[in-house]
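Open the model in your viewer and keep the sequence panel beside it.

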Amino acid sequence: MRIIQACVSLGLDFVCVHTKADADSGHLALARSLGGPEAAYRVSSYHDANELLAVADHAGATAIHPGYGFFAEDFRFARRVSERSRPLVFIGPSWRIIRSLGDKINTKRLARSLSIPTVPGSDRPVYDEMEAEEIAETLFAFQAEQGIANSVVLVKASAGGGGMGIEEIYDIDQFKTVYRRVRNYAKRQFHDEGVLIEQRIFDFNHLEVQIVADRTGKGIVHFGTRNCTIQSTGRQKRVEVAPGFRPEEIDYSFDAAKVLDDIVGYSLAMAREVGYDNVGTWEWIVSPTGQPFLMEVNTRIQVENGVSAAISRIRGQGDVNLIAEQIRLGLGAPLGYDQSDVTFEGVGVEYRIIAEDPANRFTPWVGRIDQFLAPSLPWAKLYTHIPMDAPYEIPTDYDPNLALAIIWGGDLAEAKKRGVAYLDELTLSGEDGSGAELKSNVRFLRDKTATILQF
């Protein structure tokens, strides 16, 4: 829906796709109201590249925006889009950059060549089980030397993302079983058996740096930092805050302002090194002692781009739309501003409102939403595909994400106060097939608001 609105703001025609399961999604109503009855096409799957390209050809499209999903970081899809007999513009980085930075291990190797700190562990795809086990043994020994009582090693799919394809091991005797399981999962989901073996860093904060660049690969700026530490048990983000730390209002045991400056500087250095040419996110973990480690690069626009936009100003003007910037730059427009034109004001908080049961390991809830009402306030934005004038059956085909609420405050205290007030005024009700009441994470979000940005 935000991509549709960005196209309209730029004066661009658009078409979008939907599946049978998403027939009642609000993005269809929006597409038809803004683009007419021919603005939406039904496909059997969002993962079928042939169908998507057939729609593009039929509609006479000149560009494809891959959204936030798997195709957004699939260099093969991006290459196919841009090099077919009827080429299209891929709204995202060039496929070569996606290929280079989309592989966690290649990214780690590049970072280390630039003296950028990375998580201890392998820096290339590991396909041999014995070699992988030797690396794991080394990491367990390293943690023991550091005085870590309960050592943990991560086994990760190198081509994965979004918390998928990651398992923990607590003893080397577990390694072979877990390694084989992750390798098979990686082959099945990502068509690449490459595995990364890393040290598990506990009690870290998850920070991100928002990068924006034009097609020249030289016009590169950042739009600040985000903190995405509040997550589900499955490492899926639930609350995002911009900026990543707030040393003006919270005391940290380390120089938080320096950490933010460092991760921004490191991210820009890598972006310049590869000639990054669209929107992307550099993801970091920060240890309790303030040591930053580059985790990965997301070569796409992320769902939480709006919370960075909320605190950003270009030449003093707010209402920055990073999706519109992504499309504009993807189509070849110059950046048109430099870092000195980008300033930041206040604190933004984004809540991911989801039908799930946080008390039961965030198990998805399935059922019908009967009422969804949100307060209309000048310092809040709500993005949702849930109709507010009719019941909505949550499709079982997809994760039960309901909405994103973005709150702005002049400082952290005000943003937190406004966030709690907004969630308290939210109305969300429904029932499942047995008549049981809807479960959501709204109370979890409210409870977590008190501790945001604390470390």
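**Domains, a pocket and a sheet**

Select 1–100, 120–199 and 205–450 in turn: these are domain 1, domain 2 and domain 3, with bounds from an automatic or database domain assignment. The centres of domain 1 and domain 2, taken over C-alpha atoms, are 35 Å apart.

This is a predicted model, in which local features need pLDDT of at least 70 and side-chain atom pairs pLDDT 80 or more, while totals for chains, interfaces and linings use all residues. Residues are numbered from 1 along each chain as its sequence is written, and side-chain values use heavy atoms, without hydrogens and water.

Next, select Ala-310, Asp-319, Val-320, Lys-381 and Tyr-383. Of the 22 residues lining the second largest pocket, these lie nearest its centre. A pocket here is an open set of points on a 1 Å grid over the protein atoms alone, where a 1.4 Å probe fits, with protein on both sides within 12 Å along at least five of seven lines; lining residues have an atom within 4 Å of a point. The volume of this second largest pocket is about 450 Å³, counted as the space filled by probe spheres set on the points, which are joined across faces, edges and corners.

Domain 1 and domain 3 each give at least three residues to this pocket's lining.

Finally, select 368–373, which is strand β18. Strands are DSSP runs (E, at least two residues), and two of them pair if DSSP finds at least two bridges between them. β18 pairs with β20 in the antiparallel sense over 2 bridges; Ile-369 has Tyr-392 in β20 as its bridge partner. The open antiparallel sheet runs β20-β18-β22, with β20 (392–393) and β22 (427–431) as edge strands.

Terms used:
Helix = DSSP H or I, 4+ residues; strand = E, 2+ residues; numbered from the N terminus.
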